[in-house]
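Here is a short briefing on one protein model. Keep the structure open while reading; the points are grouped by topic.

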Amino acid sequence: QEPGVGLLGIPIGLGCLLFGLYEGYRTIIERDFCVVVMRDGFVLSKGNQDSVFRWGDIVAVWESTTEVRQNGIKLKTIYRYTIRHRDGQRIVLTDTLEDIEKLGRAIQKEVTQRLVPQAHDALNAGQTVDFGKVGVSRSGIIISKKTTPWKQIKKVDVGDGFIAIGRDGKPLNWVAKVGDIPN
């Protein structure tokens, strides 16, 4: 064995140990979480405290996924959904909840069904619909207060956790993590 090659295993092993401790800590802290989905919303229970989230009161949902790989092999996907209530309250639901991906998809579906008509009405009224770092108007896509007209937008790609917007005749000019863009 080459000198020093065995030392490489120490930081990798330490990193795996710390990650395992963090995941164990998160599981213990969040083990009392329970989510009950109903027709008009969902209830989040932690211990003996309940929070009610009606679908119409949710103004933003962020989805973040992280693939955990070891030696190029996918071990698992970590899901994180951040939900903002109309009153400003934010909650984070993670993969410590059973069936988090299914729960997250259900929340997104219900919230989207309510937000799309509002966004459509806003666009028809000439307003801009805000998606955090990006906005959409009848004129085009707005990034950093600069509007790129729709006729110049060549493509919008969403994949591998990123969204990329390209302009006609130019390379992709804007990229962001999907988890940073609400709704």
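The aromatic pairs number two in this predicted model. Phe42, Phe53 and Trp55 make up one aromatic cluster.

**Aromatic cluster**

- Phe42 and Phe53 have ring centres 5.1 Å apart and planes at 10 degrees. Planes under 30 degrees apart count as stacked, so this pair is stacked.
- Phe42 belongs to strand S2 and Phe53 to strand S3 (residues 49–54). The pair therefore ties together parts that are eleven residues apart in sequence.
- Phe42 has 1% relative accessibility, so it counts as buried. Phe53 has 0% and therefore counts as buried too.
- Phe42 also pairs with Trp55. Here the centres are 5.7 Å apart, the planes stand at 45 degrees, and the pair is tilted.
- Trp55 lies in the loop between S3 and S4, while Phe42 is in strand S2, so this pair links parts 13 residues apart in sequence.
- Both Phe42 and Trp55 are buried.

**Nonpolar cores**

- The largest nonpolar core contains 18 residues. Phe42, Ile58, Ile83, Leu93 and Ile107 have the most contacts inside it.
- Strand S2 (41–46), S4, S5, S6 and helix H2 (100–124) each give two or more residues to this core.
- Which element gives the most to this core? H2 does, with five residues.
- A second core is separate and has nine residues. Val134, Ile141, Ile153 and Ile163 are among them.
- Leu93 touches Val35, Leu44, Tyr79, Arg80, Tyr81, Ile83, Ile100, Leu103 and Ile107, leaving out residues up to four places away in sequence.

**Three-stranded sheet**

- Strands S4, S5 and S6 form an open sheet in the order S4-S5-S6, with antiparallel pairing.
- From one strand to the next, the twist averages 15 degrees.
- S4 and S5 run antiparallel and are joined by twelve bridges. Arg69 stands opposite Lys74 in S5.
- The hairpin of S4 and S5 has two residues between the strands. Asn71 takes a positive phi there, near 55 degrees.
- Strand S5 (residues 73–85) pairs with S6 over five bridges, in the antiparallel sense. Thr82 has Val92 in S6 as its bridge partner.

**Four-stranded sheet**

- A further open sheet has four strands in the order S7-S8-S9-S10, and its pairing is antiparallel.
- Strand S7 (129–131) and strand S10 (146–149) stand at the edges. Each has a single partner strand, so one side of each lacks a neighbour in the sheet.
- The twist in this sheet averages 25 degrees from one strand to the next.
- Strand S9 (residues 140–143) and S10 run antiparallel, joined by four bridges. Gly140 has Pro149 in S10 as its bridge partner.

Notes. Residues are numbered from 1 along each chain as its sequence is written. This is a predicted model: local features need pLDDT of at least 70, side-chain atom pairs count only at pLDDT 80 or more; totals for chains, interfaces and linings use all residues. Side-chain values use heavy atoms; hydrogens and water are left out. Two strands pair if DSSP finds at least two bridges between them. Axes are lines fitted to C-alpha atoms, for helices over the stretch in contact, and angles run from 0 to 180 degrees between N-to-C directions. A nonpolar core is a set of buried Ala, Val, Leu, Ile, Met, Phe, Trp, Tyr and Cys residues joined through side-chain atoms within 4.5 Å. Buried means under 20% relative accessible area, exposed over 50%, partly exposed in between (1.4 Å probe, protein chains only). Contact means heavy atoms within 4.5 Å. Rings of Phe, Tyr and Trp (its six-membered ring) pair if their centres lie within 6.5 Å; planes under 30 degrees apart count as stacked, over 60 as edge-to-face and the rest as tilted.
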